[in-house]
Amino acid sequence: VLGSVLGGGSQAGASDDNAPLGGKGALLAMLLPLAIQLIQRNGGVGGLMDQFRQAGHGQQVASWLSTGENEPVDPQAVGQVIGMGELSQLSERLGVSSDQVASGLAQILPQVVNQLSPTGEMQPDADDTLDSALSSLMKNFGR
C-alpha cells in the first residue's frame, strides 16, 4: 500500500519548485502517516468514504473502489469533508499551507482507497492494513 501510494504514480515523485520540503514527493511522504491517522479518526476507510458520498462525491468514491481509473477529487472537496480546522492543524504540523495539505490529501486518499480495494471491493481487513502501514511508517521515522 505504502509503496504504491508514494511511488506508484508519476505525480507522487514529481518535483514542484513551489512546494516546500523538496517537492511534492516529500510532502506526500510526510502527509501519508497523517492521512492514515485522519482516516482512522473518521471511522476508518468506510467511514471516510461515507463522508465523501454524503458530501456529493459518490461518483469519485465509486471510481476509487473500481478496478478502473480513479476519478480525482478536488482539494476543496477534501476541505469540505474533513473540515478546515483539521486542514489547518495538519498544515501547522507540516509547515505548509492548508491548500497544499488539501491538494496532497486529494492525491493520497484515492490511491489509498484504490490500493485497499484491488478487486473493486473494499477488503474486509482494510483498516487493519492501514494500522499496520501506520506502524511501519512510525518505525521508519523513529516514532
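Two salt bridges turn up in this predicted model, a salt bridge being a side-chain nitrogen of Lys or Arg within 4 Å of a carboxyl oxygen of Asp or Glu. The model is a prediction, so local features need pLDDT of at least 70 and side-chain atom pairs count only at pLDDT 80 or more, while totals for chains, interfaces and linings use all residues. Residues are numbered from 1 along each chain as its sequence is written, and side-chain values use heavy atoms, with hydrogens and water left out.

One of the bridges joins the side chains of E86 and R41, at 2.4 Å from N to O. E86 sits in helix α6 (residues 84-94) and R41 in helix α2 (residues 24-41), so the pair ties together parts that are 45 residues apart in sequence. Helices here are DSSP runs (H or I, at least four residues), numbered from the N terminus. E86 is buried, with a relative accessible area of 17%, whereas R41 comes out as partly exposed at 48%. For these labels, buried means under 20% relative accessible area, exposed over 50%, and partly exposed in between (1.4 Å probe, protein chains only).

The other bridge links D50 and R53, at 2.7 Å from N to O. This one stays inside helix α3 (residues 44-54), where D50 and R53 are three residues apart, or about one helical turn. D50 is partly exposed at 37% relative accessibility, and R53 is partly exposed at 36%.

Helix α3 also has a hand in the one aromatic pair of the structure. Rings of Phe, Tyr and Trp (its six-membered ring) pair if their centres lie within 6.5 Å; planes under 30 degrees apart count as stacked, over 60 as edge-to-face and the rest as tilted. F52 and W64 make an edge-to-face pair, 5.6 Å centre to centre with 70 degrees between the planes. With F52 in helix α3 and W64 in helix α4 (residues 58-65), the pair ties together parts that are twelve residues apart in sequence. Both F52 and W64 are buried.

Back at helix α6, its axis and that of helix α7 (residues 98-115) come within 8 Å and cross at roughly 100 degrees. Axes are lines fitted to C-alpha atoms, for helices over the stretch in contact, with angles running from 0 to 180 degrees between N-to-C directions. That makes α6 roughly perpendicular to α7, the label for angles of 65 to 115 degrees. The contact (heavy atoms within 4.5 Å) is made by L87, S88, L90, S91 and L94 of α6 and S98, V101, A102 and L105 of α7.

Definitions and conventions
Helix = DSSP H or I, 4+ residues; strand = E, 2+ residues; numbered from the N terminus. Parallel < 35°, antiparallel > 145°, perpendicular 65-115°, else oblique.
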